[in-house]
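Please examine the sequence and the three-dimensional structure shown here. The paragraphs that follow lead through selected features one at a time.

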Amino acid sequence: MTNPRDVKYATESIAKWQDALKSRALLTTNNIAFACLRGVLHEVRARLNLGEIARFGNHLPAVQRGVFYQDWIPTEPIALTDLAAFEAALAQRLLPHIHMPEGITSDTLWVIKTESDPVASAALRTALPDPLRELWNEL
């Protein structure tokens, strides 16, 4: 029996994303990279409506998709007026274990953008709230 591509490469994909984030953001461990990736994914999810959550999740690799949906309880999306509000919420999410590294939002979006295939990357971009999409476009 053959394994679906997502299953076969799931561990490789998340390890590659962690390594890329660790390197780009100058993080000291893969655990910190994973926590930052999870934090950004969860903060993005909190700002999307149900349809946007489904579209965004559908274009993530298998393990990253699982992380995106981890502990999700559907609620109304949190309005996102600017990047500063997103980063303030992310900093609170990461505490007390991790003090948010400077630039982690842009570094994480860069990893998502560059480690995704071009079709998935374009679909992920369209699901992002405006302030995050603007940041994505600058990367």
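Tyrosine 69 is partly exposed, with a relative accessible area of 27%; the scale behind this term calls a residue buried under 20% relative accessible area, exposed over 50% and partly exposed in between, using a 1.4 Å probe and protein chains only. This is a predicted model, in which local features need pLDDT of at least 70, side-chain atom pairs count only at pLDDT 80 or more, and totals for chains, interfaces and linings use all residues. Residues are numbered from 1 along each chain as its sequence is written, and side-chain values use heavy atoms, with hydrogens and water left out.

Phenylalanine 68 and tyrosine 69 form an edge-to-face aromatic pair, with 5.2 Å from centre to centre and 70 degrees between the planes. Rings of Phe, Tyr and Trp (for Trp, its six-membered ring) pair if their centres lie within 6.5 Å; planes under 30 degrees apart count as stacked, over 60 as edge-to-face and the rest as tilted. The structure holds 3 aromatic pairs. Another of them joins phenylalanine 56 and phenylalanine 68: the ring centres are 5.1 Å apart and the planes meet at 35 degrees, so this pair is tilted. Phenylalanine 56 belongs to helix α4 (residues 50–58) and phenylalanine 68 to helix α5 (residues 62–69), so the pair ties together parts that are 12 residues apart in sequence. Helices here are DSSP runs (H or I, at least four residues), as strands are (E, at least two), and they are numbered from the N terminus. Phenylalanine 56 is buried, at a relative accessible area of 1%, and phenylalanine 68 is buried at 0%. Phe56, Phe68, Tyr69 and Trp72 form one aromatic cluster.

Which residues touch the most other members of the largest nonpolar core? Among its 34 residues, they are Leu21, Leu41, Val44 and Phe56. Such a core is a set of buried Ala, Val, Leu, Ile, Met, Phe, Trp, Tyr and Cys residues joined through side-chain atoms within 4.5 Å. The elements that give two or more residues to this core are α2 (10–24), α3, α4, α5, α6, α7 (104–115), α8 and α9 (130–138). Helix α3 supplies the largest share, 7 residues. Leaving aside neighbours within four places in sequence, leucine 41 is in contact (heavy atoms within 4.5 Å) with Phe56, Leu60, Gln64, Val67, Phe68 and Ile112.

Two further residues show how parts of the chain meet. Serine 121 is located in helix α8 and is buried, with a relative accessible area of 9%. Its side chain reaches the backbone oxygen of lysine 113 at 3.4 Å. Proline 77 is found in the loop between α5 and α6 (83–94) and is partly exposed at 35% relative accessibility. Its C-alpha atom is separated by 5.3 Å from that of leucine 48, although the two residues are 29 residues apart along the chain.

The backbone also calls for comment. Most residues other than glycine have a negative phi, and most peptide bonds are trans. Leucine 26, in the loop between α2 and α3, has a positive phi of about 55 degrees although it is not a glycine, and this leucine 26 is exposed, with a relative accessible area of 74%. Aspartate 71, in the loop between α5 and α6, has a positive phi near 60 degrees and is exposed at 66% relative accessibility. A cis peptide bond joins leucine 95 and proline 96, with omega about 5 degrees.

Notes: Polar contact = N/O pair within 3.5 Å; in protein donor to acceptor, adjacent residues only side chain to side chain.
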